[in-house]
Amino acid sequence: MARLVINPDHKVSRINKEIYGHFSEHLGRCIYEGIYVGENSPIPNENGMRTDVVEALKKIQIPVLRWPGGCFADEYHWKDGIGPKEGRKKMINTHWGGVIEDNSFGTHEYFELCRQLGCEAYVNGNLGSGTVQEMSEWVEYMTFDGLSPMSTLRKENGHEEPWDVRFFGVGNENWGCGGNMNPDYYANEYRRYQTYVRDYKNPDHEGESSILKICSGPNVDDYEWTEEVLKTLFHHCEDRFHGNLDGLSLHYYVHPEGWKIKGGATDFDEKVWYKTLSKAFYMDELVTRHGEIMDRFDPEKKVGLIVDEWGTWYTVEPGTNPGFLYQQNTIRDALVAGITLNIFNKHSDRVKMANLAQMVNVLQSVILTEGADMILTPTYHVFDLYKEHQDADLVDSCIDSEEIGLDEEYKVPNLTESVSVAADGSMCITLTNASVDTAYPIEASIVGHGVKSVAGEIVSGEMHEMNTFEEPEMVTVKPFEAVEITADGLSLTVPPCAVIRLSVELQ
């Protein structure tokens, strides 16, 4: 019997809604076919955006969408993607598949997508191959409401009012595809480029900036990058970097068999199941250790750790373009998502945003499309379960767990949890069970409160189960009724291979 203890009155930190963010890159069929089909497509759309995809994403309350990359961002020149579509430049997407990019989805289309989704914009600027002037003019084009060359150009292209850019990334993976830079070199470039990412809506900098600037952070466990970048940014700055650093990114993907081999999305055994989940749990160590370095420079935690690329990365599906990174999505991915989101919730004092890679048809997608057809993945359903955490307060909780697995090197905790309380007093408990074959009974004690009502939902199944275009409803959210109210709180049994949400009304 595992014991779960919750103290709803001990609020730890706010779980920013942006932790449940997503990422869309000009990669494979993520944007083209997956999101954008064009205004003349027979597939139902609004201004070119697939109606079915947009409606599905609205249901899980997408809070923020990162675009245009990714590696693509540091070779993207934004002026190629504005104006009449027939006049836009065509280019080869050298990073992803060697296909023609016709730039029919550009700045105006991105903001139209954000409008339809009701989400915030996270634009990633080109530092790797772009100029300071180019980045500065893009910000002006998007956000300036006065008279200037770029605001005039925006109006000529059909958008009178400026858009809101809440987050702006100054480069991407500049240790690799974004220029192969050393950390001190990149940090000095960041200092220079961000100077010209002007806050036109709040020029006097009274209060919080309207544009939050995000610095390109480390790859996985490159703690030297974090250390050296922050040392350079904070040089000659006793407090913080003049208010010009709001976030430091972190990228980490789960490769079951390593970066080169990766492993199949659907062809795996029990041993690989636990190996995959152990690599998902590694996120906790990464967030902790990078956070400890950040604490030395930013003890008040004003700078967020932004995990703007995370998820599973397998060998592509047979017969598909290797550069398109198309993979299936099983119950294993649902557990990776549930475990990772619980980790982010628990570290929400430092983790301020995260962006699953990627939204549609690429890597750990929440949606897959094939022509006019669309299916929702197990990962989608986990995001549906967890959406109650958005902008709620993390509260103190702990659960008894034990190490399970077939290989000593890849043991994992059997159970994880995170708990939040919303502004209306409702409590959300999310739980995962990593075991492939064992159910675990749990007694939950809720300090200082009784339970008035509880409702549960679950995503679970045999570890290989997935949704296909032939069987799109194999894995769905189902009611979870194996929970009872007790004198101390709750009693329940968590099935194997399961992710659960309990919505609790307290007395």
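**A guided reading of the predicted model**

The buried residues of helix α1 pack against β4 (49-50), α2 (107-117), β14 (367-370), β15 (373-376) and α9 (378-386). This description, like everything that follows, refers to a predicted model. Helix α1 spans residues 51-59, and its buried residues are V53, V54, A56 and L57. Viewed down the axis of α1, these buried residues fall within an arc of 165 degrees, so they line one face of the helix. After α1 comes Q61, whose phi is positive, near 60 degrees.

The barrel may be considered next. A closed barrel of 8 strands runs β2-β5-β8-β9-β10-β11-β12-β13, and its pairing is parallel. On average, and with direction ignored, neighbouring strands of this sheet are turned by 25 degrees against each other. Helix α3 (residues 132-143) packs on the sheet, where it touches β5, β8 and β9 (167-170). The direction of α3 makes about 160 degrees with that of β8. L65 stands opposite A121 in β8.

The structure holds 25 aromatic pairs. One of them is formed by W78 and W138: the ring centres are 6.3 Å apart and the planes lie at 5 degrees, so the pair is stacked. W78 belongs to the loop between β5 and β6 (91-92), whereas W138 belongs to helix α3, so the pair ties together parts that are 60 residues apart in sequence. Both W78 and W138 are buried. A further aromatic pair, F144 and Y200, is tilted, with 4.8 Å from centre to centre and 50 degrees between the planes. This pair also links distant parts of the chain, 56 residues apart: F144 is in the loop between α3 and α4 (149-156), and Y200 is in the loop between α5 (183-195) and β10 (212-215). Y200 has 23% relative accessibility and therefore counts as partly exposed, since buried would require a value under 20%.

A cis peptide bond joins G69 and G70, with omega about 10 degrees; G70 lies in the loop between β5 and β6. Another cis peptide bond joins A357 and Q358, with omega about -15 degrees. Q358 is placed in the loop between β13 (351-357) and β14. L363 is likewise in the loop between β13 and β14. Although L363 is not a glycine, it has a positive phi of about 55 degrees. At 2% relative accessibility, L363 counts as buried. E33, also a residue other than glycine, has a positive phi near 85 degrees. E33 lies in the loop between β2 (21-23) and β3 (45-46), and its relative accessible area of 44% makes it partly exposed.

The last stop is S397, in strand β16 (residues 393-399). S397 has a relative accessible area of 7% and is therefore buried. The side chains of S397 and E417 are joined by a polar contact of 2.5 Å. Leaving aside residues up to four places away in sequence, S397 touches V5, I6, K346, E417, S418 and V419.

Note on methods:
Residues numbered from 1 in each chain as written. Predicted model: local features only at pLDDT ≥ 70, side-chain atom pairs only at ≥ 80, totals over all residues. Heavy atoms only, no water. Helix = DSSP H or I, 4+ residues; strand = E, 2+ residues; numbered from the N terminus. Buried < 20%, exposed > 50% of the residue type's maximum accessible area, 1.4 Å probe, protein only. Polar contact = N/O pair within 3.5 Å; in protein donor to acceptor, adjacent residues only side chain to side chain. Contact = heavy atoms within 4.5 Å. Pairing = 2+ DSSP bridges. Axes fitted to C-alpha atoms, helices over the stretch in contact; angles between N-to-C directions. Arc of directions from axis to C-beta. Phe/Tyr/Trp six-rings, centres within 6.5 Å; stacked < 30°, edge-to-face > 60°.
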